[in-house]
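Here's a quick briefing for anyone meeting this structure for the first time. Take a look at the sequence and the 3D view, then read on.

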Amino acid sequence: MALPKFTWEANRAYQDGIVFNTLISQFESGKEQRRSKGLPRRTFRLEFEKSKTTSNDATEIWDFFVARKGRFEAFEWDYKKDDGTVETVKVRLNSDALTREVFMNIIYRFGLQFIEVI
């Protein structure tokens, strides 16, 4: 079954990052043992400012969030790399909550954070 795809364009600025999962075991002697748990995952933070006068993108993105049930369901997203290439990444939302700033029911501002699914 094909995953749904997030196709809306974010503002030109975005944030990306990487998350490692390190398990730290503390011994009675005070020494620590550390080990890596799995592969690192990339994170992406996208900002949106959408106007209802030009499209229904704000409502469609809201509906996409609701359909995914927050961070419950994974989906695909095209990540545009620094070198100009595009990579389709399997991601999920990083939060179960979405808030938006609404100006006169015309302009909507909000952000979404994705985390890579490995």
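A contact here means heavy atoms within 4.5 Å. With that in hand, note that this is a predicted model. In the protein chain, 62% of the contacts with a separation of 6 or more are between residues 24 or more positions apart.

**Fold and overall shape**
- Going along the sequence, the order is β-β-β-β-β-α-β-β-β-β.
- The protein chain is more spread out than a compact globule, because its radius of gyration is 18 Å, well over the 13 Å that the globule rule gives for 118 residues.
- Along the principal axes, the C-alpha trace spans about 65 × 30 × 30 Å.

**Surface and charge**
- Buried residues make up 26% of the 118 in the protein chain.
- The accessible surface of the protein chain is about 8,300 Å², and carbon and sulfur atoms account for 49% of that.
- As for charge, the protein chain carries 20 positive and 18 negative side chains, with the centres of the two sets 4 Å apart.

**The nonpolar core**
- The largest nonpolar core is made of 20 residues, and F6, F48, W77, L112 and F114 have the most contacts inside it.
- Two or more residues of this core come from each of strand 5 (41–51), helix 1 (57–67), strand 6 (75–80), strand 7 (86–93) and strand 9 (107–116).
- Leaving out residues up to four places away in sequence, L112 touches F6, F44, R45, L46, F48, I61, F65, L93 and L98.

Methods:
Residues numbered from 1 in each chain as written. Predicted model: local features only at pLDDT ≥ 70, side-chain atom pairs only at ≥ 80, totals over all residues. Heavy atoms only, no water. Helix = DSSP H or I, 4+ residues; strand = E, 2+ residues; numbered from the N terminus. Rg over C-alpha atoms; globule rule 2.2 N^0.38 Å. Buried < 20%, exposed > 50% of the residue type's maximum accessible area, 1.4 Å probe, protein only. Areas by Shrake-Rupley, 256 points an atom, 1.4 Å probe, with all protein chains shown as cover. Lys, Arg positive; Asp, Glu negative; His and termini not counted. Charge placed at Lys NZ, Arg CZ, Asp CG, Glu CD. Core = buried A, V, L, I, M, F, W, Y, C linked by side-chain atoms within 4.5 Å.
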